[in-house]
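Visitor: Before we start, please show me the model. I will then ask what each label rests on.

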Amino acid sequence: MEQEPFRIRAYGFRELAQLYLPNIKPHSASLRLKALINASPGLQEKLGKLGFKPRTKVLTPEMVRIMIEKLGAP
């Protein structure tokens, strides 16, 4: 079964976290994605320029694109 290519669009933070970390609970996936963002040099700063804050619930397509560039596609 072929997997669809990842689509850059608006995602809920938890939704995207679960795409990156599908085998853990949603809350844990969100915490781990936040840790990945913090550990990736320059990523938090780039996202911040687009309005990303620690409690951001919805990621814009541009935020998602920047995350894909730094972290790779889920």
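Guide: Contact here means heavy atoms within 4.5 Å. Helices (H or I, at least four residues) and strands (E, at least two) are DSSP runs, numbered from the N terminus. This is a predicted model, in which local features need pLDDT of at least 70 and side-chain atom pairs count only at pLDDT 80 or more, while totals for chains, interfaces and linings use all residues. Residues are numbered from 1 along each chain as its sequence is written, and side-chain values use heavy atoms, with hydrogens and water left out.

Visitor: What do the buried residues of helix 1 pack against?

Guide: Their partners are strand 1 (11-12), helix 2 (26-39), strand 2 (58-59) and helix 4 (61-71). The residues in question are Phe-13, Leu-16, Ala-17 and Tyr-20, in a helix that spans residues 13-20.

Visitor: Why are the buried residues of helix 1 said to line one face of the helix?

Guide: Down the helix axis they fall within an arc of 105°, so they line one face. The arc is that of the directions from the helix axis to the C-beta atoms. In general, an α-helix has 3.6 residues a turn, so residues three or four places apart point the same way.

Visitor: Why does Ser-30 count as buried?

Guide: Buried means under 20% relative accessible area, exposed over 50%, and partly exposed in between (1.4 Å probe, protein chains only). Ser-30 has 7% relative accessibility, so it counts as buried. Ser-30 lies in helix 2 and touches Phe-13, Arg-14 and Ala-17, leaving aside residues up to four places away in sequence.

Visitor: Is Ala-39 buried or exposed?

Guide: The relative accessibility of Ala-39 is 63%, so this residue counts as exposed. Ala-39 also belongs to helix 2. Its C-alpha atom is separated by 18 Å from that of Arg-14, 25 residues apart along the chain.

Visitor: What makes the protein as compact as a globular protein of that length?

Guide: First, the layout: four helices and two strands, running β-α-α-α-β-α from the N terminus on. The radius of gyration is 12 Å, close to the 11 Å of the globule rule for 74 residues, so the protein is as compact as a globular protein of that length. The radius is taken over C-alpha atoms, and the rule is 2.2 Å times the number of residues to the power 0.38.

Visitor: How many of the 74 residues count as buried?

Guide: The share is 28%. Among contacts between residues at least 6 apart in sequence, 53% join residues at least 24 apart.
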